[in-house]
Amino acid sequence: MIMNKSETLTALRVNRDALLAALDELSVSALQEPGFMVDWSVKDILTHLTACEAELVTWLAQARQGKKPSNTNLTPAQVDEQNAQWHKEYKDRPLDRVLADFRAVRGQTIKQVESLAEEDLNYPQRYSWLRGSPLWEWIEGEAFGHEAEHTAQIKAWRERTGY
């Protein structure tokens, strides 16, 4: 499968809109209530998505400069450790700041994707550190696909809790 730049940008926008729709009309207290995922709140998930996407923005900038991005091939245990570290670091961040960061990082991702050539997105051998996968799949995994996964969880949580 090939996903061109226009399709990648559309996926970034459509999945963000879907997540925002899933958050629609949630109260401030509901967003911050632990228990969405174990002891994480929806706010914590937004912080998690923001941190992951901020890493992606850095990696895309490094890739455009011909550098191998750092921390791109983490083991599942390392990913869990990173997520736990981010949760500890950001759990007390004020909601308004979390929401501002969440909105801002997508703009940065879009700018990075817009600056890529079509070949950068689709040529599997373009970046050796991707081990034969095209860049758009990596963007999907770190941004719009990741976001879709958590959007589904938010919808299920809302159904389960009545929020």
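This is a predicted model: local features need pLDDT of at least 70, side-chain atom pairs count only at pLDDT 80 or more; totals for chains, interfaces and linings use all residues.
## Aromatic pairs

A pair of aromatic rings is described by the distance of the centres and the angle of the planes. With ring centres required to lie within 6.5 Å, the count comes to five aromatic pairs. One of them joins Phe36 and Trp157: the centres are 5.5 Å apart and the planes stand at 85°, so the arrangement is edge-to-face. This pair links distant parts of the chain, 121 residues apart, with Phe36 in the loop between helix H2 (28-32) and helix H3 (42-64) and Trp157 in helix H7 (residues 135-161). Both Phe36 and Trp157 are buried.

Trp59 and Trp138 form a stacked pair, with 5.2 Å from centre to centre and 15° between the planes. Because Trp59 belongs to helix H3 and Trp138 to helix H7, the pair ties together parts that are 79 residues apart in sequence. Trp59 and Trp138 are likewise buried.

## Aromatic cluster and a charge over a ring

Trp59 and Trp138 also belong to one aromatic cluster, together with Tyr127 and Trp129.

A contact of another kind involves Arg16, which lies over the face of Phe102 at 3.7 Å from the ring centre.

Key. Residues are numbered from 1 along each chain as its sequence is written. Side-chain values use heavy atoms; hydrogens and water are left out. Rings of Phe, Tyr and Trp (its six-membered ring) pair if their centres lie within 6.5 Å; planes under 30 degrees apart count as stacked, over 60 as edge-to-face and the rest as tilted. Helices (H or I, at least four residues) and strands (E, at least two) are DSSP runs, numbered from the N terminus. Buried means under 20% relative accessible area, exposed over 50%, partly exposed in between (1.4 Å probe, protein chains only). A charge sits over a ring if NZ of Lys or CZ of Arg is within 6 Å of the ring centre and within 35 degrees of the ring normal.
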